[in-house]
Structures are given as structure tokens and as C-alpha cells.
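Here are my notes on the model you sent. Please read them with the coordinates open.

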Amino acid sequence: MLSDPYAGLELSTQILIREALNRGIEAEVLDREDQFIRLKKDGRIEYVKQATRTSADTYISPLIMENKEVTKLILREHGIRVPEGITVRSLTEAESKAERFHGEPIVVKPKSTNFGKGVSVLTNGQQTDADSFANAVQYALNYDETVMIEKFLPGREYRFLIIGDETAAVLYRVPANVRGDGVRTIEQLVQQKNKDPLRGEGYVTPLERIKLGQVERDYLKSQGKHVLSVPEKDEIVYLRENSNISTGGDSIDCTDIMPEAYKEIAVRAAKAVGAVICGADMIIWDIQAAPGPDNYGIIELNFNPALHIHNFPYQGTNRRVETKVLDLLGY
């Protein structure tokens with residue numbers, strides 16, 4: 001991270017500024033809270049918000065990605081697999097329509113949020129537990145008046161970062177977890193893992209701290225555990241089903257091993273919604289198998305993807321993706 005005057009900015013903004021300075025570009029922070037900066041060089045000016053909101057994208061493209069229902073419609077029209085689902089506006093409506101999923105694992109999420117906010121994944125019997133289902137719907141309704149309920153796609157979740165005409169980086173995102181030592185409770189293990197200096201809050205560090213909120217407690221309950229349970233030595237306990245870095249997940253760089261076919265699907269998805277810079281969250285059952293209707297699905301496109309998670313993965317290579325953003329902007 002950079003020293004003052006840029007300390008305290010989101011890490012993605014910091015690394016973009018650092019690379020800009022390396023290239024002889026003047027960088028001015030216009031609004032620290034909004035992460036709004038101005039870049040100047042040789043009479044050329046670009047305004048950038050939160051590292052990836054730039055003039056390269058149109059106004060309508062982020063609005064499409066913000067609306068998950070519209071995004072799914074467009075991707076489906078372009079032959080890209082997305083999960084089946086419904087939208088509801090109340091718990092009563094959700095309960096009346098949820099029968100169509102016949103007890104299958106589901107994802108409940110707000111229609112228009114990023115960073116995993118308001119998202120719950122119900123598996124291991126949670127989807128048929130009335131309290132867990134009600135909690136998930138109400139949790140999502142806290143973030144949006146419209147909630148999406150989708151079939152859960154099995155497999156690993158990968159974040160593809162698309163910049164221009166290429167997939168610049170790929171991460172395998174592991175849900176928030178702890179490894180047991182046979183002595184400490186889950187709560188104590190979380191406290192210990194959160195002491196890692198790479199973990200913090202507010203996106204100023206490479207990873208976010210793990211929380212033990214209602215979503216995590218409900219997921220532990222579905223596994224017959226609670227925060228005071230003591231996992232066996234080397235037992236991995238997952239605290240969430242969704243794997244967002246913003247909710248305490250770990251990141252493993254997979255850029256070099258991801259087959260081109262999946263990278264091309266990610267680029268196609270971005271182009272389908274007119275995006276130049278975006279993040280594509282893709283579930284893949286087996287990356288060694290060719291893409292097919294039962295092997296992959298895009299669950300979300302993100303109009304403001306984080307850069308820092310690709311530069312500082314929990315495991316793997318720094319992809320220096322900020323260089324590609326500045327190249328795209330003509331610097």
C-alpha cells in the first residue's frame with residue numbers, strides 16, 4: 001500500500017494511483033470517500049471512480065449489470081448459461097412461489113447489489129427449513145425491495161476480470177473458512193485468522209475479515225455446528241456457501257490454468273451487456289471439461305470489480321491488472 005497522502009483509500013484505488021505515478025501521470029484525489037480521482041498527462045484528463053469506473057464504459061452498461069434480472073435475460077439471449085430463478089417482493093410471495101424449486105439448493109439475493117451484500121445460499125437442508133428460508137429472504141429485502149431466488153449451481157466459483165477484449169485475471173474464490181486444531185472453538189479460530197495483517201475492513205487490505213453474523217451462524221447450524229464448536233485437527237469448516245472476498249473468503253489465482261474457452265465466455269458475457277471493464281462470476285463444475293449446459297453458469301456480472309484481489313491473492317501471482325486499466329485509458 002502507498003504512504004500518505006493516499007493511505008486510507010481503497011486498495012484498488014491505491015494501486016491504480018501508484019502505477020499512474022510510475023508512468024508520469026499526475027493523480028489528484030477529488031473525493032476520498034467516493035474514491036474519485038483525476039488523472040492528467042500531456043493535456044489528457046481522465047476521471048476514475050473506485051479504480052474501475054471510467055469513461056471506457058457507457059452509462060447504460062453499469063445499469064444493466066446492476067439489475068441482475070436484466071443481466072440474466074441478456075446473457076440467456078446470447079447463449080450463455082445462467083441459473084433459473086424467480087423474483088419476489090415479499091416473504092409471503094417468496095413462500096408461495098418457492099415450491100417450484102422442490103427442495104433443491106437455492107440462492108437468495110437482492111436484485112441490485114454488489115460485493116455479496118444480502119446474499120444467502122441455502123443447501124444442506126436449509127432450503128426446506130422455514131426459519132432459514134425466511135431469514136434469507138428478509139436479509140435480502142434489507143438491501144432491495146425485489147429479491148431473486150435462483151437454483152444453486154454446483155461447482156467452484158471463479159471471478160473473471162475482463163478489461164477490454166481479454167480476461168485479464170481469474171481467481172478461485174474459497175468461502176470464508178477456518179482450519180481446526182482440535183483445541184480452539186470456531187469463534188477463536190476466526191479471531192486468530194482475522195489477526196492476519198492481510199485482513200481488514202473497508203477494502204483497504206487485500207482480504208476482508210471474517211464475520212460471525214446471522215448468515216454464518218445459520219450456515220454453521222446447517223452443518224450441526226455453532227460458534228463454540230471445536231473442529232477436529234485439520235478439519236476445514238466453511239462459514240458461508242457464497243465465496244465473495246468481501247465476506248471473508250480466500251482468493252487463489254487461477255489465471256494460467258483456466259482454459260481459454262471459459263475466458264472467452266467471460267469476454268462474450270461482458271460484450272453482451274456492452275461492458276468494457278467488468279467482473280464475471282462463473283460457476284464451473286470441472287475446468288478440464290469443455291463448457292456445456294451442465295458444466296458452467298454465470299451467476300453475476302459486476303460493474304465495479306475490485307482490482308486488488310487479483311494483485312494480492314491469498315495464493316498465487318500478482319497480475320498487476322491496474323496496468324491494463326491504464327493501457328485501456330490510453331496512458
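1. Basis. This is a predicted model, in which local features need pLDDT of at least 70, side-chain atom pairs count only at pLDDT 80 or more, and totals for chains, interfaces and linings use all residues. Residues are numbered from 1 along each chain as its sequence is written, and side-chain values use heavy atoms, with hydrogens and water left out.

2. Aromatic pairs. There are three aromatic pairs in the structure. Two rings of Phe, Tyr or Trp (its six-membered ring) pair if their centres lie within 6.5 Å; planes under 30 degrees apart are stacked, over 60 edge-to-face, and the rest tilted. One of the pairs is Tyr139 with Tyr143: the centres are 5.7 Å apart and the planes stand at 90 degrees, so this pair is edge-to-face. Tyr139 is partly exposed at 21% relative accessibility, and Tyr143 is partly exposed at 40%. Here buried means under 20% relative accessible area, exposed over 50%, and partly exposed in between (1.4 Å probe, protein chains only).

3. Tyr262 belongs to helix H8 (residues 260-272) and Tyr296 to strand E16 (residues 296-302), so the pair ties together parts 34 residues apart in sequence. Helices (H or I, at least four residues) and strands (E, at least two) are DSSP runs, numbered from the N terminus. Tyr262 is buried at 1% relative accessibility, and Tyr296 is buried at 6%.

4. Charges over rings. Arg44 lies over the face of Tyr331, 5.6 Å from the ring centre. Arg100 places its charged end over the ring of Phe101, at 5.7 Å from the centre. The criterion is NZ of Lys or CZ of Arg within 6 Å of the ring centre and within 35 degrees of the ring normal.

5. Positive phi. Most residues other than glycine have a negative phi. Ala51 has a positive phi of about 75 degrees, although it is not a glycine. Ala51 sits in the loop between strand E3 (44-49) and helix H2 (60-66), and is buried at 2% relative accessible area. Tyr203 is another non-glycine residue with a positive phi, near 65 degrees. The loop between strand E11 (199-200) and strand E12 (207-208) holds Tyr203, which is partly exposed at 22%. Please check both loops.

6. Cysteines. How many disulfides does the structure hold? The count is zero, where a disulfide is a pair of cysteine sulfur atoms within 2.5 Å. The sulfur of Cys254 has its closest cysteine sulfur in Cys278, 18 Å away, too far for a bond. Cys254 is buried at 8% relative accessibility, and Cys278 is buried at 0%.

7. Largest pocket. Its volume is about 500 Å³. A pocket is an open set of points on a 1 Å grid over the protein atoms alone, with protein on both sides within 12 Å along at least five of seven lines; a cavity is a set where a 1.4 Å probe fits but cannot get out; lining residues have an atom within 4 Å of a point. Grid points are joined across faces, edges and corners, and a volume is the space filled by probe spheres set on the points. The largest pocket is lined by 31 residues, and Phe152, Glu157, Glu241, Asn242 and Ser243 are the closest to its centre. Strand E9 (166-174) is among the strands that each supply at least two lining residues; E9 gives the most, with three. By class, the lining has 14 nonpolar, six polar and 11 charged residues. Ala, Val, Leu, Ile, Met, Phe, Trp, Tyr, Cys and Pro count as nonpolar, Asp, Glu, Lys and Arg as charged, and the others, Gly among them, as polar.

8. Cavities. Two cavities of 30 Å³ or more are present. The second largest cavity contains about 60 Å³ of space. Its lining includes Met65, Leu75, Lys109 and Glu150. Helix H3 (68-77) and E16 are the elements that give two or more residues to this lining. The classes are six nonpolar, one polar and five charged.

9. Asn177, in strand E10 (residues 177-179), is buried at 7% relative accessibility.
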